[in-house]
Amino acid sequence: MFFIASKIVWALLRPETLLVYALGGGLFALLRGRRRLGIGLAGGGLLCFVLLAALPLGDVLIRPLETRYPANPPVTDVRGIIVLGGGEQADLSRYWRVPLVNGAGDRFLAALALAQRFPDAKLLFTGGRGSLDQAGPAGATVAREIFLSAGLSPDRLILEGKSRNTAENARFSRAMAGGDDRGTWLLVTSAAHMPRAMQAFCAAGWNGLVAWPTDFRSLPFRFDWGWRLPRHLETLDFAAHEWLGLLAYRL
């Protein structure tokens with residue numbers, strides 16, 4: 001129920017949906033003769049749309065998340081590397097029959113670099129199907145092709161392909177690891193997602209975890225005017241999703 005509810009609530013509260021509420025509500029109010037309310041809602045929605053397109057407002061929200069854990073921390077005695085799913089394009093990979101990644105594909109680059117740096121460490125990938133219909137291949141299927149094609153030995157690879165969200169990533173991967181959390185385990189995921197991931201993994205009983213953030217997306221805020229709606233909206237979506245996720249997981 002939590003998984004289903006989270007998908008529905010996020011669809012209703014994501015930033016572009018709120019803009020649609022404002023614009024649609026303003027139009028409805030105008031049609032009902034409530035001119036002042038309609039102009040206020042529609043005008044406010046349009047103003048937010050312009051500001052979002054012109055300014056990197058998402059960076060303001062995502063930067064506190066991305067600076068929570070330092071990049072490239074000093075580590076020793078690395079026993080395992082945990083890579084969270086989300087950087088793979090499962091449906092496209094199945095259609096084109098080649099492993100493909102998305103904007104979070106840095107997770108795979110970081111994991112492969114760490115696997116080369118620590119040749120005795122296991123590499124555990126956790127990620128199944130994150131959609132409500134649970135259709136399509138699991139993320140672990142694509143991850144296996146990526147890691148093996150990069151020359152990683154199958155003996156080092158542990159794949160968990162049933163989890164649907166971060167909480168299940170934590171619980172199911174711990175079961176796959178057999179409770180072996182001796183030494184240092186590195187947790188690799190997007191920097192903005194790392195605070196929620198660390199909380200979920202600690203709650204699941206993981207010990208000795210070290211955050212290894214990647215896929216950084218923010219810069220210090222500056223008034224860099226320009227029409228960059230897709231990039232700004234994507235960053236704002238990601239930031240809002242993580243802040244709402246933190247709140248939901250704490251509750």
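I count two strands as paired if DSSP finds at least two bridges between them. Helices (H or I, at least four residues) and strands (E, at least two) are DSSP runs, numbered from the N terminus. This is a predicted model, where local features need pLDDT of at least 70 and side-chain atom pairs count only at pLDDT 80 or more, while totals for chains, interfaces and linings use all residues. Residues are numbered from 1 along each chain as its sequence is written, and side-chain values use heavy atoms, leaving out hydrogens and water.

Sheet first. I found five strands in an open, parallel sheet, ordered β3-β2-β1-β4-β5. β3 (157-160) and β5 (209-214) are the edge strands, each pairing on one side only. From one strand to the next, the twist averages 20 degrees; axes are lines fitted to C-alpha atoms, for helices over the stretch in contact, and angles run from 0 to 180 degrees between N-to-C directions.

Next I checked what sits on the sheet. Helix α9 (residues 194-203) packs there and touches β1, β4 (184-190) and β5, contact being heavy atoms within 4.5 Å. The direction of α9 makes about 140 degrees with that of β4.

Then I picked Thr 189, in strand β4. Is Thr 189 buried or exposed? Thr 189 is buried, at 0% relative accessible area (buried is under 20%, exposed over 50%, partly exposed in between; 1.4 Å probe, protein chains only). Leaving aside neighbours within four places in sequence, its contacts include Leu 84, Met 194, Ala 197 and Trp 212.
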